[in-house]
Amino acid sequence: MVTDLLRPLTEEDLPLLTGDDVGFDYFGPRAPRLSVPAPDLNDQGGFAVVDVSGRLVGSVSWVWQRWGPNVQSRNPMIGIWLSAPARGRGLGTTAQRQLVDLFFRHTAVNRVEAHTDVENIAEQRALEKVGFTREGTTRGAQWRDGGYRDGHLYSILRNEWQTATA
Ligand SMILES: CC(C)(COP(=O)(O)OP(=O)(O)OC[C@H]1O[C@@H](n2cnc3c(N)ncnc32)[C@H](O)[C@@H]1OP(=O)(O)O)[C@@H](O)C(=O)NCCC(=O)NCCS
């Protein structure tokens, strides 16, 4: 499961995952990670994002959503954080494109989702450049920093990914 930007986390990466500074993915103090999540696309987990010189500049992650009671109706929702110096260089777009590619190549999911704050223009643009479609606004869905926040829900379907990569 190695791509140009994504690789499994190691114990040495943990202190470098410093978290958010702009608020879009800050959900309050959390216990330090004590172990490295297994890089299993069929379970919860995460990958570190590294640049070409092998320096960790952020991470991608996912949780599983379910739109019906059967396993076929579940799909991953992806997330990303890049350190401030790494932003605005195309890495967020490329890393999320590579994560989407991993899911469609190595699992049978039909749909990959993403969700971001209505004010997070950089993430909205990155997702649209990957090929995600904005499906709607999730009103008051996310609790962050003392208030419920509106977000935009995005998805990309397997046939759209196949067309984009043909
Ligand atoms: C959101 C994030 C992943 C985007 O990745 P990135 O590498 O910075 O973005 P890219 O360089 O790939 O740029 C993607 C698009 O967004 C635009 N963009 C980048 N930063 C922007 C900003 N601050 N404001 C508006 N647009 C911005 C780029 O211009 C580009 O669009 P374009 O090609 O039409 O010009 C990254 O900035 C980040 O980690 N931010 C902090 C954490 C966060 O918000 N995570 C997501 C939580 S849902």
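Analyst: A residue counts as exposed when its relative accessible area is over 50%, as buried when that value is under 20%, and as partly exposed in between. The model is a predicted one. One more cut-off is needed for the rings: two of them pair if their centres lie within 6.5 Å, and planes over 60 degrees apart make the pair edge-to-face. By this rule there are four aromatic pairs. One of them joins W143 and Y148, with 4.8 Å from centre to centre and 65 degrees between the planes, so the pair is edge-to-face.

W143 has 49%, so W143 is placed in the partly exposed class.

D145 belongs to the loop that runs between β6 (133-144) and β7 (147-157). D145 is exposed as well, because its relative accessible area is 67%. Its backbone has a positive phi, near 55 degrees, although D145 is not a glycine.

Now to another group of rings. W62, W64 and F103 are linked by ring pairs into a cluster. The ring of W64 has the charged end of R74 over it, at 3.8 Å from the ring centre. F103 takes part through its backbone: its backbone oxygen lies 2.7 Å from the side chain of T107. T107 itself is found in the loop between α1 and β5. T107 is buried, since its relative accessible area is 11%.

The ligand is the next piece of the surroundings. It has 22 residues around it, and the closest are G90, G92, T93, R125 and K129. Sorted by class, this shell holds nine nonpolar, seven polar and six charged residues.

At L82, a polar backbone atom is 2.8 Å from an oxygen atom of the ligand. K129 uses its side chain instead, with an N or O atom 2.6 Å from a ligand oxygen. On its own the ligand has 920 Å² of accessible area, and the protein covers 71% of that. The largest share, six residues, comes from α2.

Last, the chain as a whole. The chain has three helices and seven strands. Starting at the N terminus, their order is β-β-β-β-α-β-α-β-β-α. Of the 166 residues in the chain, 43% are buried. N42 is partly exposed, because its relative accessible area is 44%. N42 and V63 are 21 residues apart along the chain, while their C-alpha atoms are separated by 10.0 Å.

To return to the rings: W143 and Y148 form an edge-to-face pair, while W62, W64 and F103 form a linked cluster.

How values were computed:
Residues are numbered from 1 along each chain as its sequence is written. This is a predicted model: local features need pLDDT of at least 70, side-chain atom pairs count only at pLDDT 80 or more; totals for chains, interfaces and linings use all residues. Side-chain values use heavy atoms; hydrogens and water are left out. Rings of Phe, Tyr and Trp (its six-membered ring) pair if their centres lie within 6.5 Å; planes under 30 degrees apart count as stacked, over 60 as edge-to-face and the rest as tilted. Buried means under 20% relative accessible area, exposed over 50%, partly exposed in between (1.4 Å probe, protein chains only). A charge sits over a ring if NZ of Lys or CZ of Arg is within 6 Å of the ring centre and within 35 degrees of the ring normal. A residue is near a molecule or strand if one of its heavy atoms lies within 4 Å of it. A polar contact is a pair of N or O atoms within 3.5 Å; within protein, one must be able to donate a hydrogen and the other to accept it, and residues adjacent in sequence count only if both atoms are side-chain atoms. Accessible areas come from the Shrake-Rupley method with a 1.4 Å probe; for residues, only the protein chains shown count as cover. Helices (H or I, at least four residues) and strands (E, at least two) are DSSP runs, numbered from the N terminus. Ala, Val, Leu, Ile, Met, Phe, Trp, Tyr, Cys and Pro count as nonpolar, Asp, Glu, Lys and Arg as charged, and the others, Gly among them, as polar.
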